[in-house]
Number of protein chains: 2
Amino acid sequence: MAGGLFLDLYELTMAYSYFRRGMNQTATFAYFVRSPVPNRRFLLFAGLDPLLEALPNFTFSEEDLAYLHSLRLFDEEFLSFLGEFRFTGEIWAMEEGTICFPGEPLLLVTAPRIQAQLLETLVLNILNYETLVASKAARILLAAGPEAVVVDFSPRRDHGMEASIHAARASFLAGFHGTSNVLAGKLYGIPVVGTMAHSYVLSFPDEISAFRAFAEDHPSPVLLIDTYDPLTGALHAARVAQEMREKGKRIVAVRLDSGDLAGLSREVRRILDEAGLPEVQIFVSGDLDEYRILEFRKKGGIAWGYGVGTRLGVSWDLPALGGVYKLVEDEKGPRMKTSPGKISLPGRAQVWRRENFRDLVALQEESSEGRPLLRQVMAGGKRLIPPLDLAQRREEVRKALFSLPPELADLSPDEAPSYPVEYSPGLRALVSARR
Amino acid sequence: MAGGLFLDLYELTMAYSYFRRGMNQTATFAYFVRSPVPNRRFLLFAGLDPLLEALPNFTFSEEDLAYLHSLRLFDEEFLSFLGEFRFTGEIWAMEEGTICFPGEPLLLVTAPRIQAQLLETLVLNILNYETLVASKAARILLAAGPEAVVVDFSPRRDHGMEASIHAARASFLAGFHGTSNVLAGKLYGIPVVGTMAHSYVLSFPDEISAFRAFAEDHPSPVLLIDTYDPLTGALHAARVAQEMREKGKRIVAVRLDSGDLAGLSREVRRILDEAGLPEVQIFVSGDLDEYRILEFRKKGGIAWGYGVGTRLGVSWDLPALGGVYKLVEDEKGPRMKTSPGKISLPGRAQVWRRENFRDLVALQEESSEGRPLLRQVMAGGKRLIPPLDLAQRREEVRKALFSLPPELADLSPDEAPSYPVEYSPGLRALVSARR
């Protein structure tokens with residue numbers, strides 16, 4: 001659905017002015033997140049592949065141009081120019097799934113000024129949301145622990161269908177095990193998972209008939225036990241699990257979706273164990289997030305897996321990421337805004353990852369110990385990297401997450417976390433010279 | 001992008017079970033919002049037209065079926081059935097822009113059980129988000145007052161491009177004056193608006209050159225004055241406005257985007273007035289929402305208009321709406337889930353709007369004084385109503401909003417508002433019989 005019209009009008013009015021004045025020399029814009037970000041001791045960068053895929057479609061159709069003409073803001077010459085628009089610039093970016101911080105550039109776009117400017121809305125829209133969800137998913141995984149199965153159940157509360165696709169992708173990248181979102185499963189090869197709804201149980205004369213039917217019709221059934229009373233539901237599920245076992249078939253789990261999840265999970269575990277069904281697992285859901293999962297575990301809740309929906313897909317405790325896209329350099333050199341409280345990072349930068357995440361942001365001409373995190377991913381408008389292997393990258397990201405130092409893995413609320421980001425002498429000299 | 005694959009996997013596994021068992025008699029599902037919704041004394045229903053437009057595309061392509069086949073969950077007969085899938089049911093719904101409440105049905109779907117079930121994710125995804133944004137927009141308008149110009153600046157922080165289109169549409173429906181979102185402007189005829197970014201100002205040797213250039217290149221310029229220092233920026237804007245006036249052209253407004261907006265706006269007003277420019281207006285932006293606009297006005301801030309972005313598009317203080325889609329009736333009669341704390345509305349209902357918003361939810365066979373809010377919008381899978389005239393409906397919605405009774409228009413935070421919704425004797429009898 002992209003196309004060049006997905007932008008804020010001011011991108012076009014500015015571009016028009018640049019066009020009329022021949023101001024189209026090379027400029028660099030940086031995407032970064034302003035510091036601090038409440039409740040986020042780190043971010044997980046995501047959305048690069050979707051952005052690189054959207055760029056070739058960022059063009060203006062005849063219909064688009066006719067619409068722009070109707071606004072009476074632009075002359076024919078500019079509209080013809082837009083008709084020819086193709087992104088031909090270069091992009092440097094962190095790898096998706098990189099643990100990163102506010103205050104460091106995550107992506108740089110270098111292109112003729114008009115091109116770089118016109119991309120602003122697209123870059124911000126995609127990267128802000130995918131990074132937001134990936135970062136939330138990472139926290140949820142840390143709360144659930146490396147043994148738990150954690151899946152995305154967010155489509156019904158996400159902000160549109162496309163948001164759901166991004167949410168499934170970003171949470172899988174972070175290390176989730178699957179999604180309920182069938183379209184995302186098809187598009188990205190993410191494992192799709194699902195249980196049953198209360199309406200299914202209500203569609204049968206009684207709960208046990210519903211359980212029997214579902215167990216017969218599904219190869220790996222999970223039974224939702226709280227339509228009427230969850231403990232009676234557990235007894236019914238146990239009975240059906242025993243019947244199925246005789247037929248050589250296993251009930252994978254029972255699902256709790258309401259009530260005192262921790263207390264109920266212990267009682268359900270006891271019921272299942274007493275029925276000789278230690279292999280039937282417990283799956284919990286219902287407005288979960290990292291805080292509630294930690295509380296559930298602290299209260300002795302027993303769960304093999306968690307279904308996380310609303311609070312993942314909208315990043316409940318931080319529903320938007322304040323990522324910005326700022327001019328940092330043009331033909332006249334490094335650039336920055338100086339208004340109080342909103343400081344930019346001037347110049348083309350590199351981020352060096354040193355031991356224990358003590359990142360150094362430096363100018364590209366400076367060097368440092370550590371590993372450079374920004375790599376060139378596009379040149380002359382052509383992508384230089386293959387499509388991301390999401391499943392493989394997920395393994396690496398999980399490993400990185402579960403070996404984070406404790407100060408970064410800490411999930412307790414914090415209105416203004418500080419980040420282990422330092423700035424190079426060259427960068428600091430630029431900033432103080434401009435103040 | 002819709003297509004039939006936009007659903008949670010469990011819709012398909014349940015549908016498969018119904019299919020195998022021949023359980024496909026007529027059923028009714030209701031969409032409603034569970035009560036209470038924090039900080040929302042009313043909701044503004046939105047998203048019906050986008051839903052009705054998506055329904056004809058809710059089909060399964062060959063490629064979709066091949067993907068489903070690969071999951072090894074379904075047999076060929078069921079996949080053939082999905083290949084023929086078309087929605088043929090009926091829908092009753094409130095008119096978009098209707099002021100409504102949690103606890104009352106906003107939409108009813110009656111169709112063969114499998115059809116009605118498969119729509120769940122789509123219905124929830126679209127209605128939850130559009131109603132969420134429209135309701136937030138309504139509150140922002142109430143805070144800004146009927147004289148202010150209020151526009152949507154949310155695309156860069158919305159959850160994907162599609163979310164931005166919904167946000168622009170829903171906020172315009174609620175009464176906003178326009179959006180920065182050019183694609184939404186084209187799709188829905190919403191007026192598009194825009195100013196300039198800091199990067200524009202930084203692209204010129206100094207601020208006043210940037211203002212002069214923009215004023216020459218734009219028919220109705222708004223100048224962003226806080227790239228360096230907002231009061232100096234106001235002086236520069238005043239100078240350019242005076243120069244432009246001599247050329248017979250007007251600077252529409254100056255824009256403040258950071259700092260103490262209320263205090264700065266008063267000083268900027270004084271600067272403009274002293275320069276003999278009472279016609280140059282002040283436009284403010286920067287993480288605004290209803291709470292901040294009320295505070296701005298209380299502190300004596302002066303603004304002709306507000307640009308509202310992040311906190312509108314993600315509904316910052318309530319980032320998801322807990323709308324649900326529940327089986328309420330099937331061939332065996334009214335249905336409801338009885339698990340503690342999560343009560344459904346059994347039976348096919350009508351909502352009667354009585355004086356002063358004292359709504360009555362009743363069974364369809366009951367009658368009441370007042371105006372019925374649910375009307376049939378689709379029969380036999382065909383829509384019965386014309387596409388919404390968004391601009392005309394917006395006028396009606398604005399009128400309704402600005403004449404709300406004070407208890408509904410109250411914007412103060414409230415974790416658990418109560419709603420003026422009553423239930424008919426017939427409905428109450430059904431609920432108590434099932435408890």
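**View 1. Four strands of chain B line up as an open sheet.** In this predicted model, the strand order is S16-S14-S15-S19 in chain B, and the pairing is mixed. At the edges sit strand S16 (371–372) and strand S19 (421–423) of chain B, each of which pairs on one side only. Look next at strand S15 (residues 359–363) of chain B: three bridges link it to S19(B) in the parallel sense. Which residue of S19(B) is the bridge partner of Asp359(B)? That partner is Val421(B).

**View 2. S17(B) pairs with strand S3 of chain B.** Strand S3 (residues 90–93) and strand S17 (residues 375–379) of chain B run antiparallel and are joined by three bridges.

View 3. Two bridges pair S17(B) with strand S18 (residues 382–383) of chain B in the antiparallel sense. Here Met378(B) has Arg383(B) as its bridge partner in S18(B).

**View 4. Chain B meets chain A.** How many residues does chain B bring to the contact? Chain B gives 78 residues, and chain A gives 78 residues. Elements of chain B that each supply at least two residues to its side include helix H1 (9–20), helix H6 (120–144) and strand S12 (323–330). H1(B) provides the largest share of that side, eight residues. The side of chain B that touches chain A is made up of 37 nonpolar, 25 polar and 16 charged residues.

Definitions and conventions: Residues are numbered from 1 along each chain as its sequence is written. Chains are lettered from A and ligands numbered from 1 in the order in which they are written. This is a predicted model: local features need pLDDT of at least 70, side-chain atom pairs count only at pLDDT 80 or more; totals for chains, interfaces and linings use all residues. Two residues are in contact if their C-beta atoms, placed from the backbone, lie within 7 Å. Ala, Val, Leu, Ile, Met, Phe, Trp, Tyr, Cys and Pro count as nonpolar, Asp, Glu, Lys and Arg as charged, and the others, Gly among them, as polar. Two strands pair if DSSP finds at least two bridges between them.
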